[in-house]
Amino acid sequence: MLPSLTFSTLTFSGPCVLLRQPLRRATGNHKAVPIESTSTSEQADQQRAAWMAAAQAGDQRAYARLLTDSVGLIRAVARRQGVAMDALDDVVQETLLTVHRVRHTFDPSRSYDAWLSAIASRRAIDILRSQGRRDRREVHDEFALDSHPERDDASAGAEREQEARRLREAIETLPPGQREAVEQLGLKERSLAEAADVTGRNTGALKVNLHRALKSLRDRLHGGS
Amino acid sequence: MSDAPRHEALIDVLGAELTPVRRLPPPWLRTLGWLSMVAVIAVVMFMHFGASTMVHRWNAAPDLGWAAFGGAITAITAALAAFALAVPGRSIRWAWVPVPSALLWIGASGMGCLRAHIPGMPVLDLHGANDCFIFIISFSIPLSGLLIWLLRRACPLHPVLTAVIVGLASASASASLLEICHNFDAAATDLLMHAVAVAIVVALNAIMGGKLLSRA
């Protein structure tokens, strides 16, 4: 199955009649599409391709519309790959990050849906594999679970303290801008406007710093465990 | 359940980070870029060794000419396939594109061992076969490195498959370059050394290139 064909039965938008449209549009070049197959879904695809072309030139508004529009498509692809409902949003987040990183690889003369579908498919497989690895590491032994003594409160408390210390140490290693964003927005629970006042940075920079900080912390704490 | 606020927050962040980007050139153009490096090496080798030995060898044994032709076409098609596979949304069937020429290359090389030897041309001993081995490996490493470096600017969603094709492209390009200075008739030892060298290059790419490309 080609990755580019995975949008064949998407139900994310538009009327049901769209589902009957041929798949050729999603496989690539616009020139190969017969006139009679031009449909609302293809127009939507072309619209998204135009938004991405504008985003490649730096148009933030087109980019925001495109990414918002893409969420439904990504979820549909992830569902088709067999990703569980509770993990769909992880696929969406990872795909959006990948789209942002590799947006220069999109060719506006080709299908945006096919391009996005291939990325979303890959990220869905990555999530499924990481879940598979986690499941294999976990022990499923009911007898052992029942017969194992509960840990006492002291050891649970010590564990919590240890986790908190690891987190504090990880935050300490962040670059100053990111550390500041975590401290102000995460630990002190200030609003964006308050944090902007305190730090003298604009809210956009704070959001970017917070997002990068969370990603680094996630990589560091989960990756290292 | 959809986590819309979380997505909106991320979309806001990504929008704030947005900067104009230079679009990736099409795969065929990027292939030409890599091939131009191979062509420069070929020109330097022709200037040093000349083409007479190569032409004499091909005239005396057309199967060797076909093998060289297959090798050169494999280098071109494999590089094109690697660049195409590195762009999301392109068909995975691109991986099949270098297969026919690779079969011609390997098949015609194998046929060289079955026919009569070329009069007046030495048959390769083990020492000479070692030189061929070193030549293919040492040219494949920089050519693979360059190809992987170029591919990392794209987004290979099938990193190991792409890396295998990178190995095929660089090994076949190196074997084609070897033709220019390969003043020997085909022999089983020579063919074996070529095959081992190509297999090593492809395997190394699959292991190391796959890792490098998966982080791209």
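**Ground rules**

I number residues from 1 along each chain as its sequence is written, and I letter chains from A and number ligands from 1 in the order in which they are written. As this is a predicted model, local features need pLDDT of at least 70 and side-chain atom pairs count only at pLDDT 80 or more, while totals for chains, interfaces and linings use all residues.

**Entry 1: chain A, the outline**

I started with the secondary structure (helices are DSSP runs of H or I with at least four residues, strands are runs of E with at least two, and both are numbered from the N terminus). Chain A has nine helices and zero strands. Along the sequence I read α-α-α-α-α-α-α-α-α.

Next I looked up burial (a residue is buried if 20 or more other C-beta atoms lie within 10 Å of its own, exposed if 12 or fewer, and partly exposed in between, with C-beta atoms placed from the backbone). Chain A has 225 residues, and 32% of them count as buried.

Then came contacts (two residues whose C-beta atoms, placed from the backbone, lie within 7 Å). Taking the contacts in chain A with a separation of 6 or more, I find that 61% are between residues 24 or more positions apart.

I checked pLDDT, the predictor's confidence in each residue, from 0 to 100. Its mean over chain A is 76, and 72% of the residues reach 70 or more. Which helix of chain A has the lowest confidence, and which the highest? H5(A), residues 142–147, is lowest with a mean of 60, and H2(A) is highest at 94. I also flagged residues 1–36 of chain A, where the pLDDT is below 50. Even there, the model gives this stretch 65 contacts beyond near neighbours in sequence.

**Entry 2: one loop residue**

I stopped at Asp107(A), in the loop between H3 and H4 of chain A. Is Asp107(A) buried or exposed? Asp107(A) has 21 other C-beta atoms within 10 Å, so it counts as buried. I also looked at Ala49(A), which is 58 residues from Asp107(A) in sequence but 8.3 Å from it in space, C-alpha to C-alpha.

**Entry 3: where A touches B**

I counted 34 residues of chain A in contact with 28 residues of chain B. On the chain A side, H1 (40–56), H2 (60–80), H3 (88–101), H4 (112–137) and H9 (203–224) each supply at least two residues. H2(A) gives the most, with six residues.

I sorted residues by class (Ala, Val, Leu, Ile, Met, Phe, Trp, Tyr, Cys and Pro are nonpolar; Asp, Glu, Lys and Arg are charged; the others, Gly among them, are polar). The side of chain A that touches chain B has 16 nonpolar, twelve polar and six charged residues.

**Entry 4: chain B, the outline**

Chain B has eight helices and zero strands. Of its 216 residues, 45% count as buried. Among its contacts between residues at least 6 apart in sequence, 88% join residues at least 24 apart.

Axes here are lines fitted to C-alpha atoms, for helices over the stretch in contact, and angles run from 0 to 180 degrees between N-to-C directions.

With H2(B), residues 27–49, the angle is about 15° and the axes are 9 Å apart. H2(B) and H7(B) are therefore roughly parallel (under 35 degrees; over 145 is roughly antiparallel, 65 to 115 roughly perpendicular and the rest oblique). Residues of H2(B) in this contact include Phe46(B) and Phe49(B), and those of H7(B) include Leu177(B) and Ile180(B). By class, the contact has ten nonpolar, no polar and no charged residues.

With H4(B), residues 62–85, the axes come within 8 Å and cross at roughly 150°. H4(B) and H7(B) are therefore roughly antiparallel. Among the residues that meet are Ala68(B), Gly71(B) and Ala72(B) from H4(B), with Leu161(B), Ile165(B) and Glu179(B) from H7(B). I get 15 nonpolar, five polar and one charged residues there.

With H8(B), residues 188–214, H7(B) packs at about 140°, with the axes 7 Å apart. Pro159(B) and Gly167(B) of H7(B) take part, as do His194(B) and Asn205(B) of H8(B), among others. The classes come to 15 nonpolar, eight polar and no charged.
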